[in-house]
Amino acid sequence: MFRVLLAFGVVVFSLSSCAQTKQAALESIFSDISKDDSFSGAALVYHKKQVLLDSSYGYKDYDKKARHTNRSIFLIASNTKQFTAEIILKLMHEKKLKLTDKLNNYLPGYPNGEQISIYNLLTHTSGIYNYTDSPCINMLDPTKPVDILELIDLFSAQPLLFEPDTKYSYSNSNYALLGYIIEQITGKEYEQVVRSEIFIPLQMSRSGFDYKNLQDTDRSISYYNVDGSVYPYDIFDSTFSYAAGGIYSTTGDMFRWYKGLTTYQLLPAKVQQKAYEPYMHGYALGWSVSTFKGKRFMFHFGSICGFKCIELFNDETYVIILSNYMDNAIDKGEILNQVLEVLYSK
């Protein structure tokens with residue numbers, strides 16, 4: 001018995017030592033990119049049932065020199081799209097829509113709406129012009145509230161970039177339309193649906209919308225640097241970023257989101273897996289899909305008003321990085337590669 005226990009103890013010590021080595025290596029990655037205030041934010045790394053990193057860096061308020069904590073709140077930008085796609089899959093599971101449904105079923109008169117399916121919107125294969133590009137974004141003030149139909153009018157007036165279902169082109173307009181479809185089917189505001197169907201069940205109490213008017217001491221202020229001088233960004237109104245980029249959250253809440261997805265708390269496994277089936281350009285439903293050392297990962301990047309979001313996961317790994325300042329020289333993909341090299345090194 002003593003020999004068995006001793007052997008078991010050696011295994012535990014070895015695993016613990018390995019985890020400590022990985023923790024130190026991960027901490028080094030973020031310490032390096034945080035030098036000279038090049039990165040400000042929070043990061044959480046989970047791997048094989050262990051949280052190996054849960055740290056914060058830099059300032060949530062640069063002027064006050066108030067430092068980040070793991071409770072700091074950030075806009076997650078385009079990572080909002082995964083939540084929008086999840087609601088669409090829930091409505092499909094409840095037989096309230098089909099992914100093959102055409103856009104003109106929900107928005108009669110939309111140009112070429114009879115050719116564009118919900119699936120095309122989810123996978124960025126609709127050909128619809130991206131409303132956050134010029135000239136659309138120049139036609140209104142994104143820091144002020146905007147009606148969704150006014151927003152749709154802006155990009156629907158632009159010609160299609162290509163025939164639907166023939167090419168891939170990332171467009172926030174696709175997910176704005178999905179938000180509108182969600183509202184038409186449920187009879188509720190998009191934000192209300194996300195809150196009741198995802199945030200509340202997963203206890204994501206630090207997540208929400210309307211970041212511009214959020215009153216919370218953990219709220220991060222995003223900023224930009226010009227020749228060593230720091231200036232705060234003007235924040236877009238959540239009605240502008242909407243179902244394409246309007247959610248705010250924390251690393252802790254995003255970890256709850258990951259747990260909810262991988263334990264199938266929101267959808268049955270067979271339905272949930274549809275979110276991770278890539279179509280064109282490696283894009284699935286609100287997620288990009290890629291591989292690293294033969295392992296499959298889902299990931300997404302987000303960027304809005306100085307905020308950056310980097311997220312990656314599979315069944316055994318989750319990485320979430322939220323930032324209110326990131327130097328342009330920092331490569332988001334390279335950060336993920338460095339983290340994965342640490343996690344999957346022997």
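N225 stands opposite V230 in strand β7. That pair is my way into this structure, which is a predicted model. The strands here are β6, residues 223–226, and β7, residues 229–232; they run antiparallel, and four bridges join them. Two residues sit between the strands of this hairpin, and D227 has a positive phi there, near 50°.

As background, most residues other than glycine have a negative phi, and most peptide bonds are trans.

D210 is one of the exceptions: its phi is positive, about 55°, and it is not a glycine. D210 lies in the loop that runs between α6, residues 190–199, and β6.

You will find H281 in the loop between α9, residues 269–272, and β9, residues 288–292. Its relative accessibility is 66%, so H281 counts as exposed; the cut-off for that is over 50%.

The next item concerns a peptide bond. Going from S134 to P135, the bond is cis, with omega near 5°. P135 is in the loop between α3, residues 118–122, and α4, residues 148–156.

Now the helix. α2 covers residues 80–93, which makes 14 residues. From first C-alpha to last it reaches 20 Å, close to the 20 Å expected at 1.5 Å a residue. How many of the 14 residues in α2 are buried? The count is 13, so the helix is mostly covered. Just after α2 comes K95, with a positive phi of about 60°.

Last, A42, in strand β1, which spans residues 39–47. A42 has a relative accessible area of 1%, and therefore it is buried, the limit being under 20%. What does A42 touch, once residues up to four places away in sequence are left out? The contacts are S55, S56, T69, F74, T251, I320, I321 and L322. For a distance along the chain, take A42 and I29: they are 13 residues apart in sequence, and their C-alphas are 13 Å apart in space.

Note on methods: Residues are numbered from 1 along each chain as its sequence is written. This is a predicted model: local features need pLDDT of at least 70, side-chain atom pairs count only at pLDDT 80 or more; totals for chains, interfaces and linings use all residues. Side-chain values use heavy atoms; hydrogens and water are left out. The expected span of a helix is 1.5 Å times one less than its number of residues. Buried means under 20% relative accessible area, exposed over 50%, partly exposed in between (1.4 Å probe, protein chains only). Two strands pair if DSSP finds at least two bridges between them. Contact means heavy atoms within 4.5 Å.
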